[in-house]
Amino acid sequence: MTQQPDQQSAQQPDKPFLYVVVCAAGIAEDVSKLITAAQERNWAVGVIATPLGLGFIDAVAIEAQTGYPIRSAWRSPGDPRPFPDPDAIAVAPATFNTINKWAAGIADTLALGTLCEASGLGVPIAVLPRVSDGLAAHPAYEESVARLSGMGVLFGDRHEGGTDGFGWERVLDLLAMRGTGRARP
């Protein structure tokens, strides 16, 4: 009998569990590349999209690829938890808005609430920003990156991949630097 994602998540998978947080940037449509790379590195993956980010991705394809529902909104009290606790979190692409709100402790979406809480719990987090030159020049951005970095969050360069594409695997490399990504015994 095939388990449904909600039933499946009641048990911790045999592999470490990676939350992939996806924000509203054009490159988000290719997040399946990150999911594939993570699965090839022995991660089980669940995707959390910002409310606007949800419109940038193919939810049906991603749910088929991960075996879990995409989360974008808070669950109701009494609803089962669709994902196990994360062993690590990859935020890619991360936008100016998400980075600044997260650094300020604003948890007004499921994605931001998850990031704020995980930061406080010491869950390893790596970020691959997708921020324009103009927004990166805003003083709040630099301050937010510095604050989050001071909390142990690892950042890739916002120009990862340049014009040839987004360096999706770089966020996994950053997590590997933290010693995450190994299967449980």
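Of the 185 residues of this chain, 48% count as buried, where buried means under 20% relative accessible area with a 1.4 Å probe and protein chains only. Before I go on, please keep in mind that this is a predicted model, in which local features need pLDDT of at least 70 and side-chain atom pairs count only at pLDDT 80 or more, while totals for chains, interfaces and linings use all residues. Residues are numbered from 1 along each chain as its sequence is written, and side-chain values use heavy atoms, with hydrogens and water left out.

Let me turn to the fold. The chain has eight helices and five strands, taken as DSSP runs numbered from the N terminus, with helices being H or I of at least four residues and strands E of at least two. Along the sequence they follow the pattern α-β-α-β-α-β-α-α-β-α-α-β-α.

The five strands form an open sheet with parallel pairing, in the order 2-1-3-4-5, and two strands are taken to pair if DSSP finds at least two bridges between them. At the edges are strand 2 (44-49) and strand 5 (154-155), each of which pairs on one side only. Strand 5 runs parallel to strand 4 (residues 125-129) and is joined to it by two bridges, and Ala126 stands opposite Leu154 in strand 5.

Helix 2 (residues 32-40) lies across strand 1 (17-22), strand 2 and strand 3 (88-94), and runs at about 155° to strand 2; the axes here are lines fitted to C-alpha atoms, for helices over the stretch in contact (heavy atoms within 4.5 Å), and the angles run from 0 to 180 degrees between N-to-C directions. Helix 5 (residues 110-121) lies across strand 1, strand 2, strand 3 and strand 4, at about 135° to strand 3.

Now the aromatic rings. A search of the whole structure finds seven aromatic pairs, a pair being rings of Phe, Tyr or Trp (its six-membered ring) with centres within 6.5 Å, called stacked for planes under 30 degrees apart, edge-to-face over 60 and tilted for the rest. One of them is the stacked pair of Phe96 and Tyr141, at 6.3 Å centre to centre and 20° between the planes. This pair links distant parts of the chain, with Phe96 in helix 4 (residues 96-103) and Tyr141 in helix 7 (residues 139-150), 45 residues apart. Phe96 is buried at a relative accessible area of 19%, and Tyr141 is buried at 7%.

Elsewhere, Phe17, Tyr19, Tyr68 and Phe83 form one aromatic cluster.

Methods
Buried < 20%, exposed > 50% of the residue type's maximum accessible area, 1.4 Å probe, protein only.
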